[in-house]
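Work through the following exercises with the sequence and the coordinates side by side. Each task is followed by a solution that goes step by step.

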Amino acid sequence: PNVVTVMQGGKAVRYEVTDPLLMRTIRGMGPDSFNEAIRMMQRVGGLLRSATVLNPEFIARTFVRDTVSSWMTSGQKITPFVDSAKNAVDAMRGSGPVMQMMMSGVGMGSYIKTRGKDVRKELTAGDGPSIAKLLHGYRQLGESSLDASRLAVYHAVLKNGGSEAEAAYQAQDILNYSMRGDYAGIRMLMAITPFLNARVQGVYKLGRALNGEGQDSRSVVARRFVARGLAMMMTTLALQAVNRNDPRYNELPEDEKDLYWHLFVGKHHFRIPKPFEAGVLMATIPERLMRVMAGDDSAHTFVSSLERQALDVMEFNPIPQAISPLIEQAANYSFFTGHSIVPESLAKQNARSQYTANTSIAARKIASMMPESAPDVLKSPIRLESLVRGYFGTLATLALQGSSRIAEAAGLTDPMPAMRPKDIVGVHAFYGGEQNDSSAYEETDG
């Protein structure tokens, strides 16, 4: 059982592995062998993952979150946003340092398919029709949002006198997706739950940052993490003190308060994405505690926020993605927002009349074309839109909104409200407009 076979010079050579940890590592390499039911759920989860990472707003938010996270947990002397922005162009172009990192093993992390057709497919990914080239280039743009942060850490280590190997290791260690563990149950959960591996690695990295990295640098990394974390916490609490009496902030949905820092400049509302793990620990939880102590939040709101962080922000939701949207529909409850999908004000309405000003025209039209025999989830525009978003993420919302605009231009629908700056794809990731489109009061059931 501890013998591995390696091809050398066209011959199969057998080696005995005496190190138990090395043997566990070897066994954990390569693709997992799941039964057909698990593979089906893996494919469904992959739909959401693929659709999400193609969303331009996701790419923009990821750049911000990864920049702050790498500054917090890497322990390197980097300037947030400035260093990542400097390296963004190199990351997109695949310049020399990027190639050097890749040759050192830095990347998104996965097993490599070595069959001829798979190798050809990878090498010719950017060839063929122009649409295929555009899609390939767009995906590279998405990956470069993380590579920019990796490059910032890579250069910081080299500038500090570190070796190429150390620089590559630290760059990969921002979030090392190649680590999956060897426990079959966890690997199965990671396969069927989109982004679970990223969140597990994020928590693991956060824990190591709190404890320090290695024997020599432990105190340095931990000290920098605490100092930077306290800076984030104090900035968050200062901003909360400014916003706590602003009705525009108090009317925001609770999940918006947890996911973003909100700035109100005159009539304009700006929002900055919080990093996931470090943001939960050093920003959202202290912010919520402050609101409870000040009497702005109830204990129930605080507990609901913690549940939301654990189940959705940290992706520790045990429900497979293949059935999660269906369970939400059956319960009329969104795990992410913590509110009913169909608000109480619309619950008694006919299914076809269940929509708000924010429901896309496309969803309303599709729901109106459903036969009477169709289930309510397909006849209700607000539920139909929620179901589609559950499987295809916010990219589905953008597609529905885009379809609505196309239908309007073709004269197939009544005129829609004029497009505002916040409605522009990518802008909404950071700009909330001049007034809130939805509020906590609108979404609360009582």
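**Exercise 1: a residue in a loop**

At 25% relative accessibility, Asn332 counts as partly exposed, a class that runs between the cut-offs of 20% for buried and 50% for exposed. The model examined here is a predicted one.

Task: State where Asn332 is found and what its phi is near.

Solution: Start with the location, which is the loop between H16 and helix H17 (344-347). Then turn to the backbone, where the phi of Asn332 is near 55°, a positive value in a residue that is not glycine. For context, most residues other than glycine have a negative phi.

**Exercise 2: two packed helices**

Task: Classify the packing of helix H16 and helix H20 by direction and handedness.

Solution: Helix H16 (residues 324-331) and helix H20 (residues 381-409) pack with their axes 9 Å apart, at an angle of about 155°. Angles over 145 degrees count as roughly antiparallel, and H16 and H20 are therefore roughly antiparallel to each other. The crossing of H16 and H20 is right-handed.

**Exercise 3: a nonpolar patch**

Task: Identify which residues form the nonpolar patch on the surface.

Solution: The patch consists of Leu263, Val265, Phe270 and Ile272, which together have about 300 Å² of accessible area. Strand S3 (260-265) and strand S4 (268-273) each supply at least two of its residues. Phe270, which lies in strand S4, counts as partly exposed because its relative accessibility is 34%.

Definitions and conventions. Residues numbered from 1 in each chain as written. Predicted model: local features only at pLDDT ≥ 70, side-chain atom pairs only at ≥ 80, totals over all residues. Heavy atoms only, no water. Patch = residues over 30% accessible without salt bridge, like charges linked within 9 Å, V, L, I, M, F, W, Y side chains within 5 Å. Areas by Shrake-Rupley, 256 points an atom, 1.4 Å probe, with all protein chains shown as cover. Salt bridge = Lys/Arg side-chain N within 4 Å of Asp/Glu carboxyl O. Helix = DSSP H or I, 4+ residues; strand = E, 2+ residues; numbered from the N terminus. Buried < 20%, exposed > 50% of the residue type's maximum accessible area, 1.4 Å probe, protein only. Axes fitted to C-alpha atoms, helices over the stretch in contact; angles between N-to-C directions. Parallel < 35°, antiparallel > 145°, perpendicular 65-115°, else oblique. Left-handed = near helix turned anticlockwise from the far one by under 90°.
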